[in-house]
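Have a look at the structure, then try each task before reading on.

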Amino acid sequence: QVQLVESGGGLVQPGGSLKLSCQVSGTIDSIYIIAWYRQAPGKQRDFVAVIASGGTTTYADSVKGRFTISRDNAKNTGYLQMNSLKPEDTAVYYCNAVVSWVGGTRPDNWWGQGTQVTVSS
């Protein structure tokens, strides 16, 4: 089995920065992609950013130039550096990973429990 644990959320003022982490653990064979999604109250869960195993990244238009996704393959950890934060970035941020694991027949899609990010003065 695989577990994803996010950390790094909190309260920050507009214009501030936060760095989220996503620790992937378990009987892991390979981590194909790591992605971040977010869900604001009363809204659907939206894509934020994704990074492939080779380092290729894609971002939602709303965060381009402000957020940076990265990963440390040796640590099985993904990161989301968030700069120039705006009140509209307030949401629960979820880590998502496609992982092949020992005992699994194919790669599976896994989610973390989410971490709250609140941008407010």
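**Exercise 1.** Which ring does the charged end of R45 sit over?

*Solution.* Start with the rule: a charge sits over a ring if NZ of Lys or CZ of Arg is within 6 Å of the ring centre and within 35 degrees of the ring normal. The charged end of R45 sits over the ring of W111, 4.7 Å from the centre. K19 does likewise with Y79, its charged end 4.7 Å from the ring centre.

A word on the model: it's predicted, so local features need pLDDT of at least 70 and side-chain atom pairs pLDDT 80 or more, while totals for chains, interfaces and linings use all residues. Residues are numbered from 1 along each chain as its sequence is written, and side-chain values use heavy atoms, leaving out hydrogens and water.

**Exercise 2.** How many aromatic pairs are there, and why is the pair of Y37 and F47 edge-to-face?

*Solution.* Rings of Phe, Tyr and Trp (its six-membered ring) pair if their centres lie within 6.5 Å; planes under 30 degrees apart are stacked, over 60 edge-to-face, the rest tilted. That gives three aromatic pairs. For Y37 and F47, the centres are 5.8 Å apart and the planes at 75 degrees, so the pair is edge-to-face. Together with W111, Y37 and F47 form one aromatic cluster.

**Exercise 3.** Is Y37 buried, partly exposed or exposed?

*Solution.* Buried means under 20% relative accessible area, exposed over 50%, partly exposed in between (1.4 Å probe, protein chains only). Y37, at 22%, counts as partly exposed. F47 is partly exposed too, at 30%.
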